[in-house]
Amino acid sequence: MIHLLDRPFETLPTWLAERGVPAYRAGQVTTWLFKRRADGFDEMTDLPQTLRAELAEAFAIWTTTVAAHQRADDGTEKMLVELADGQRVECVLLRDDRHHRTVCLSTQVGCAMGCAFCASGMDGLVRNLTSGEILEQLLRLQQLLGPDERLSHIVVMGMGEPLANLDGLLPALAVAASPEGLGISARRITLSTVGLPGGIERLAREGVPYHLAVSLHAADDRLRTELIPSNRGTGVRALVAATDAYFEATGRRVTFEYVLLAGVNDRVEDADALVGLLRGRPALVNLIPFNPVDELPYRTPGSADVARFADRLARSGLTVKTRYRKGDRIDAACGQLRRRRQST
Ligand code: SF4
């Protein structure tokens, strides 16, 4: 069977044309899938019954099942999605007061980057997700929305390093951004990356105006390599140079994310090193107080320390925001739900 969500705007029209079915039928199917949130071909009632049956025989819409689903009081919902080979990834729907409906997607099973403070990297990389598997997360979360709710933002910040799987990710995001797909503006799609310069250069070449959020977490190579081992091969200067090139090519301001770990990277000298690295750049620094994970030795800094760090950056001319992660009560830190389920 063909996975329909793997490049649906290419496979479906070809399949229909080979059978002499008018091209507009492809549009009907994708409208049902992406806009009317259909779960199966049998719901696509404006298609002839014979065509629905043929489509159901040739195509699988879903290759995944939902292994767990949690909902917090603030409306955040988290899904553990089981793939056809039994592997599991997680994805999250976040609701906020401004009627933003944001989904957070995974791009890989596990992750090869091994960041020191992240549960997803503990078991290494298992495999890349296909484009269809990434799109399935999006559609499953969309199905949780009420009739008056609409997906508004995508953050690619779940399990995996997005720039290590651009072949899977970019076709899925192209569907999400397309008016015939989910119609989510590319400007509302954020890729959160440890910063692989080769991947950043590819994004710049392809010219897609997604928002790039680079996890920096330290401004000097010794500490950054300790926190993000993949920094060893590149170094922080090369990374920042790649983001400069991305800004030049796309005009999009890059965000630098900085998870604050008490006593590790939240000292005065760390703030000053960050200022030295980024001053003069059209960048935004997002400070994220660490979200505790049972197995990891790091602690969350006190709110006075967070405020002091933010103030030091702001006084030096950097644009700074402090962001507390939502979803703590349902294990929404990257990788935690998957680990917890594996260990029960
Ligand atoms: S923080 Fe992201 S890149 Fe680092 S190990 Fe976790 S999933 Fe991978």
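A charge counts as sitting over a ring if NZ of Lys or CZ of Arg is within 6 Å of the ring centre and within 35 degrees of the ring normal. By that rule, arginine 140 lies over the face of tryptophan 62, at 4.3 Å from the ring centre.

A word on the ground rules. The model is predicted, so local features need pLDDT of at least 70 and side-chain atom pairs count only at pLDDT 80 or more, while totals for chains, interfaces and linings use all residues. Residues are numbered from 1 along each chain as its sequence is written, and side-chain values use heavy atoms, with hydrogens and water left out.

Next come the charged pairs. Side chains of opposite charge can pair when their charged atoms come close. With a salt bridge taken as a side-chain nitrogen of Lys or Arg within 4 Å of a carboxyl oxygen of Asp or Glu, the structure has 21 of them. One joins arginine 101 to glutamate 149, with the closest N and O atoms 2.5 Å apart. Arginine 101 belongs to strand E6 (residues 101-104), while glutamate 149 is in the loop between helix H4 (131-142) and strand E9 (153-156), so this pair ties together parts that lie 48 residues apart in sequence. The labels follow DSSP runs numbered from the N terminus, where helices (H or I) have at least four residues and strands (E) at least two. Both arginine 101 and glutamate 149 are buried; that word stands for under 20% relative accessible area, with exposed meaning over 50% and partly exposed anything in between (1.4 Å probe, protein chains only). The two also belong to a network of salt bridges that links Arg71, Glu77, Arg95, Arg101 and Glu149.

Another salt bridge stays within one helix. Arginine 222 pairs with glutamate 226, the closest N and O atoms being 3.1 Å apart. These residues are four apart in helix H7 (residues 221-227), which puts about one helical turn between them. As a rule, an α-helix has 3.6 residues a turn, so residues three or four places apart point the same way. Arginine 222 is exposed, at 54% relative accessible area, and glutamate 226 is partly exposed, at 48%.

A further salt bridge connects arginine 281 with aspartate 244, and here the closest N and O atoms are 2.9 Å apart. This pair links distant parts of the chain, 37 residues apart: arginine 281 is in the loop between helix H9 (268-278) and strand E13 (284-289), and aspartate 244 is in helix H8 (residues 236-250). Arginine 281 is partly exposed, with a relative accessible area of 28%, and aspartate 244 is also partly exposed, at 25%.

Now for the rings. Rings of Phe, Tyr and Trp (its six-membered ring) pair if their centres lie within 6.5 Å, and the planes count as stacked when under 30 degrees apart, edge-to-face when over 60, and tilted for the rest. The whole structure contains four aromatic pairs. In one of them, tryptophan 15 and phenylalanine 59 have ring centres 5.2 Å apart and planes at 70°, so the pair is edge-to-face. Tryptophan 15 sits in helix H1 (residues 8-18) and phenylalanine 59 in strand E2 (residues 59-60), so parts 44 residues apart in sequence are tied together. Both of these residues, tryptophan 15 and phenylalanine 59, are buried. Phenylalanine 290 and tyrosine 298 make another edge-to-face pair, 6.1 Å centre to centre with 80° between the planes, and both are buried too.

What about cysteines? With a disulfide defined as a pair of cysteine sulfur atoms within 2.5 Å, the search turns up zero of them. Cysteine 111 is buried at 10% relative accessible area, and cysteine 115 is buried at 14%.

Finally, helix H2 (residues 24-35) has twelve residues and reaches 16 Å from its first C-alpha to its last, close to the expected 16 Å (1.5 Å times one less than its number of residues). Its buried residues include Arg25, Trp32 and Phe34. Among the elements covering the buried residues of H2 are H1 and helix H3 (49-58), where contact means heavy atoms within 4.5 Å. After H2 comes arginine 37, with a positive phi near 55°. Arginine 37 is in the loop between H2 and H3 and is partly exposed, at 21% relative accessibility.
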